[in-house]
Amino acid sequence: MEPLASIRWSFSTLIFLVFLLIQPSLSIYCDEDDCYDLLGVTQSANASEIKKAYYKLSLKHHPDKNPDPESKKFFVKIANAYEILKDEATREQYDYAIAHPEEVFYNTARYYHAYYGHKTDTRAVLVGLLLILSGFQYLNQWTRYNQAIDMVKKTPAYKNKLKAMELERTGGVTNRKKGNKQINKYDLPYIDSMQMVEDLSKELELQIKGAEKPSLWELLAIRVILLPYTVGKLLLWYGHWLWRYQVKRERYSWEDASYLTRRSLGVPFDSWRDIDESRKDDLVQRRLWVKANLDSYLAEMRKESKRRR
């Protein structure tokens with residue numbers, strides 16, 4: 001499935017689930033009925049009139065007095081309507097929902113907060129929300145990773161590397177004339193089955209920027225759990241840094257100088273890791289964390305870029 005098609009499908013599914021899970025603003029109160037109509041009163045009725053109407057109907061439709069199954073169902077409806085209208089807060093919310101039926105999310109949130117907010121532990125809600133978000137995050141990472149792997153496996157470079165591994169395993173010699181050509185299934189004489197291809201593929205470590213293999217340590221829930229440890233570690237590192245380089249005035253270690261250089265240039269850690277070691281040494285020796293040195297280096301880079309053009 002193409003990435004764009006996958007995004008469209010996921011978005012359509014999300015919209016469909018939202019409409020399934022969130023009912024219209026009015027139906028969450030008295031289903032498809034009007035709470036006032038069920039009790040036979042108008043919206044302007046006071047609390048006393050609502051109470052009298054309910055008792056009158058309950059005497060007629062109570063299961064102990066009326067065994068008719070339909071009457072029993074109606075009794076449940078009027079009891080629910082009375083519970084909503086007898087309380088000033090829930091009645092005010094219901095009246096607002098009648099006047100503003102288009103505010104579906106707001107009305108639904110107010111309803112569930114009024115009925116279940118005091119019964120639900122906030123900590124449990126936060127934990128559940130973190131787990132749900134982490135689950136979506138993990139599935140999204142796996143989807144992106146698998147799509148990226150599938151795209152890489154279709155490239156000539158990957159197929160050439162796969163053939164080279166098989167030739168090395170079987171003691172064969174790679175044909176240099178074919179080394180730069182695209183390798184298809186007919187160019188793999190030593191690979192007997194698709195299972196062997198899959199086994200060899202697993203031995204190749206595919207490093208794809210922007211679509212790394214999912215890790216549980218990167219999930220939102222794990223990061224929140226480890227937040228106190230992370231903050232403590234950061235404060236300890238910062239205190240150690242101040243002590244060594246601000247108080248004792250020591251020279252920067254190569255690792256710390258590399259960090260300062262990378263931060264000055266705005267280079268991501270993964271990109272810095274891929275730079276040649278000699279190039280790293282040259283950049284560190286320039287002491288680019290000093291503004292004057294950085295400005296001089298950037299000016300050199302601009303001149304070099306213009307010269308190459």
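**A predicted helical model in questions and answers**

User: How many helices and how many strands does the protein have?
Analyst: The protein has 309 residues, of which 24% are buried. Counting its secondary structure gives zero strands, while the number of helices is 16.

User: Are helix 4 and helix 5 roughly parallel or roughly antiparallel?
Analyst: Helix 4 covers residues 47-61 and helix 5 covers residues 69-86, and their axes come within 10 Å of each other, crossing at roughly 165°. Because angles over 145 degrees count as roughly antiparallel, the arrangement of helix 4 relative to helix 5 is roughly antiparallel.

User: Is the crossing of helix 4 and helix 5 left-handed or right-handed, and how do the residues of their contact divide?
Analyst: The crossing of these two helices is left-handed. Helix 4 contributes residues including Ile-50, Tyr-54 and Leu-57, and helix 5 contributes residues including Phe-74, Ile-78 and Tyr-82. By residue class, the contact of helix 4 with helix 5 divides into two charged, three polar and nine nonpolar.

User: Does Gln-141 count as buried or exposed, and which residues does Gln-141 touch?
Analyst: Gln-141 lies in helix 8, which spans residues 122-153. Its relative accessibility is 19%, and because buried means under 20%, Gln-141 counts as buried. Leaving aside residues up to four places away in sequence, Gln-141 touches Pro-214, Ser-215 and Leu-219.

How values were computed: Residues numbered from 1 in each chain as written. Predicted model: local features only at pLDDT ≥ 70, side-chain atom pairs only at ≥ 80, totals over all residues. Heavy atoms only, no water. Helix = DSSP H or I, 4+ residues; strand = E, 2+ residues; numbered from the N terminus. Buried < 20%, exposed > 50% of the residue type's maximum accessible area, 1.4 Å probe, protein only. Axes fitted to C-alpha atoms, helices over the stretch in contact; angles between N-to-C directions. Parallel < 35°, antiparallel > 145°, perpendicular 65-115°, else oblique. Left-handed = near helix turned anticlockwise from the far one by under 90°. Contact = heavy atoms within 4.5 Å. Nonpolar A, V, L, I, M, F, W, Y, C, P; charged D, E, K, R; others polar.
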